[in-house]
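Please keep the sequence and the structure in view while reading.

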Amino acid sequence: MSQLEVRDLHVTFGGLRAVDGMNFDVEQGEILCLLGPNGAGKSTTLDLICGKTQPTGGSIRFQNLEISQMWEFERARLGIGRKFQVPSVYKELTVAENLSVARSVKPGIWHALTSLPVRNSAKMREILDLVGLADKIGEPAGNLSHGETQWLEIAMLIAQDSRLILMDEPTAGMTIQETDRTARIFRSLKANHTLIVVEHDMSFVRTVADRIIVMNQGSKLAEGSIQEIESNEAVKTAYLGH
Amino acid sequence: MQSRLLYDIIGLALFAGVILFGVPALFGYDGFELNTFSRYLSLAIVSMALALSWGTAGLLNLGQAATFGMGSYAMAMHLKLKASGDNLPDFMSWNNVEALPLIWAPFHSLTFTLLAGLLIPAAVGGLIAIFMFRARIAGVFVAVITLAFLVAFQLVVIEQQGLTGGQNGLTGLAPLVLFGWSVDIYSLSFYYLVGACLMIALVFGLYLTHSKFGLILRAIREDSERTRYFGYNVANYQTIIFSISAGLAGWAGMLYALVLEFASPTYMSVSFSLAIVIWCAVGGRESVLAAAVGAILVNLAEGRLSDVFVEGWHLLLGVLFLMVVMFMPRGIYGVIVDAGRAMRRKPVSKKEAQPFETSLNPKRES
Amino acid sequence: MDVVLNQAFAGLSMASILLIIALGLAIIYGTMGVINLAHGEFVMLGAYTTWALQNHAGLGVVTALPLVFVAVAAVGWIIEKVIVQRLYTRPLDTILATWGIGIILQQAVRLGVGAESRFVRGPQWLSGNIEIGALVMSNYRIFVISFSLAILVVTWLLMTRTEFGMKLRAVIQNRGISECYGIEAKKVYSVTFAYGAGLAGIAGALITPLFSTIPTMGTGLVVDAFLVVIVGGLGSLMGTAAAALLIGEVTAIFSIVINDTLGRIAVLAGIILLIRFRPRGLFPSDIRR
Ligand SMILES: Nc1ncnc2c1ncn2[C@@H]1O[C@H](COP(=O)(O)OP(=O)(O)OP(=O)(O)O)[C@@H](O)[C@H]1O
Ligand SMILES: [Mg+2]
């Protein structure tokens, strides 16, 4: 049984079929990259999995549980985390507070009412060291640069510690060195997490992907290893637009 | 960041010193002045309650006066029954009510009254909150729904003359008897009673804002959508804080009815509700302590200045409020925080110095 | 039955006043996302301007209309320039600021003109009634109804058929891009705010013969008008018109079927439910969000 099973997933936005009959499985501990031209429906696919968008049809099973009708917070509690294409961190909160919010092992109100936010723990420092934000721990997130904001959101997802992490264009706006670092982090995350990564940067995809799915106009165009995808004629056509 | 907690504790200690020792000494233990100040302190509670929902969670409740009014009526009902003895309250006979209405009966009991004044507003606030937040109503729509509720509620209270005394409200109340102590509202003890209530409310409020609960509310205020993907049930968080805030408002209302010795539908008016918003904004909505100080300062100013500018006072208040919204959106609190930061010579970041925005619509990410 | 008919007519004339007020609010909200709580005070200013023109210059209500429009629009324009323009990035704060402006205007009038009610004579030439069976319709109310329809049409034409309307719609859709094409969003905002204020002024002038003119007259009206805007769907003109009709009529009919207060409570409850279940209003438009 795969960790995530997507079957015949559909969604339409006022006539536009943004996702049109997607089928795929994701295995525990693998990194699946979603590729495709702009508007192919990659972000929308992630939206459907994390609950931001309701499907018009189809099923999504996570750890053998049908989740397509669940609330977003319920899916998050089951172990699905999401990084958005537009970096979404809390700009008015400090870096530490952002991580504290993300660290939601016990998301219930009673726990929140009876505990103080963690502002500086060994675990938090470890994560911040990993993404290179250790010296910004007390800064408001609004003061970070675009690249640092990306890092912070990645750090938040690591802190959240979801079993399945959905990453939407995590390296956008990063330098080559930063991208390499991200690749290394992603590979180390593989031990305990499953990742679905939407990316345009092919060299990044080449380093991290275990498997690739190429989308076009809402449906799956090709699936396979990096070599298979790079030699696929249909993919070339979709990208070059013939 | 632990320093924020430290500053709040220092601030609270200073405030407590001024309220508990400074004020009585300053006014020479004059009964009338103490009574006036007790009134300000009870209003400080409702202002800090609004800071909890509006400042911390970004939920602008324009119906705060409704729950405040509920508390005041609960207290007034108890005292009216006491004043009427075995007879029916006078206004009921004027309205041809023959027997004591069922909902009045339990208010013979002081324990019930105190619980009701706290829990009924909290429950009503909670219900409104569930109703709104389950549907993910946010931003200005929260303001509109709570405002409409307030207007409707006040109309009901005025309409139901036999139950509520209508436009006149509940007057001719007996003094409260608390553990055998007949409360004299012009005494120092009464002043300390109200002061203690305010301090308890403030400690509670400060605890809430510094707890993880407070942090998550701030996260929700900034981006409720995002917070859901971390597994938080946003509607529940909003409901709880809304309900707590309503309960505190009810408590304040009870004290207010004691101080003024009557309850009136004007406590539930739109202008009263908006006045609470002013106090909270002037003090600073991000801090419960600042909101309490704001209520005291504005009311103090009103008390002193309205004698001087009998007619012009409201104009002055309008101008003051407009200036605060435009140039000090974080209120006195913001000014102090910015000044403190400037003194420590850390460069003030532009982003942080700006007020928080509550977006009219949820952000849309792709 | 007669009572109901007459009440329906009264409701219609109230609805048409509400429509003019709500149109101004809706345009301002639809364009810049500002909920203008000072709108009721613009109505009040319109009423006082009419009263002043009648008392000091001997102008009739109808003759005064253009002058009132210009005067209140000018006030709106100044307020937009000096205050509202600074708050566009803080929508929730504009509620508070415009409410502060409302208090200031109200108190200024109270201090300057006095708190007692003022009366304005209706125009002589519209003083009669038209009677159809038991239905008695005053000419003045018929005039108000037709005038509000004319305003609706003019506003609609302005939005859809003129260059200004084109610019306005462009700014609503995307301010940044419109500015790249040389549309001055700031100017568009100022003009829109002034126009909305001017409409409120006209409404104020039109109600002077029907109600007494007091400094607080705007407060109740703005709540109703605001509800009309919300019910109608933010930013949609036809929705606003339909909602004004609906709320005006429902209030009028309820007030005879039940009573005034309960009627009003029922309307408020209905509105709360509507926002809860259809937050985009009954007739949502696509132009904004
Ligand atoms: N909420 C929405 N309402 C209407 N249309 C939408 C919505 N979300 C996405 N779309 C449309 O669905 C299509 C797929 O969008 P999506 O964001 O999934 O593409 P993408 O593959 O992530 O593209 P990109 O590489 O540009 O991020 C696009 O045409 C987009 O305009
Ligand atoms: Mg995308």
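Of the 366 residues of chain B, 59% count as buried, where buried means under 20% relative accessible area, exposed over 50% and partly exposed in between (1.4 Å probe, protein chains only). The model is predicted, so that local features need pLDDT of at least 70 and side-chain atom pairs count only at pLDDT 80 or more, while totals for chains, interfaces and linings use all residues; side-chain values use heavy atoms, with hydrogens and water left out. Residues are numbered from 1 along each chain as its sequence is written, and chains are lettered from A and ligands numbered from 1 in the order in which they are written.

Chain B contains 16 helices and 2 strands; these are DSSP runs numbered from the N terminus, helices being H or I with at least four residues and strands E with at least two. Its C-alpha trace spans about 70 × 50 × 40 Å along the principal axes. The radius of gyration of chain B is 21 Å, which agrees with the value near 21 Å for a compact globule of 366 residues; this radius is taken over C-alpha atoms, and the globule rule is 2.2 Å times the number of residues to the power 0.38. Among contacts (heavy atoms within 4.5 Å) in chain B between residues at least 6 apart in sequence, 79% join residues at least 24 apart.

Chain B also meets chain A: 44 residues of chain A are in contact with 36 residues of chain B. Between them the two chains bury about 3,700 Å², 58% of it on carbon and sulfur atoms; buried area is the accessible area (1.4 Å probe) that two parts lose on being put together, summed over both. Tyr90(A), Glu92(A) and Ile109(A) supply 17% of the area that chain A buries against chain B, more than any other three residues.

The rule finds 4 salt bridges across this interface, a salt bridge being a side-chain nitrogen of Lys or Arg within 4 Å of a carboxyl oxygen of Asp or Glu. The side chains of Glu72(A) and Arg136(B) meet in a salt bridge, at 2.8 Å from N to O. Several elements of chain A each supply at least two residues of the side that touches chain B, including helix H1 (42-50), strand E6 (80-83) and helix H6 (146-160).

In chain C, Thr50(C) lies in helix H2 (residues 39-57). Thr50(C) counts as buried because its relative accessibility is 1%. Leaving aside neighbours within four places in sequence, Thr50(C) is in contact with Val61(C), Ala64(C), Val68(C), Val120(C), Ala205(C) and Thr208(C).
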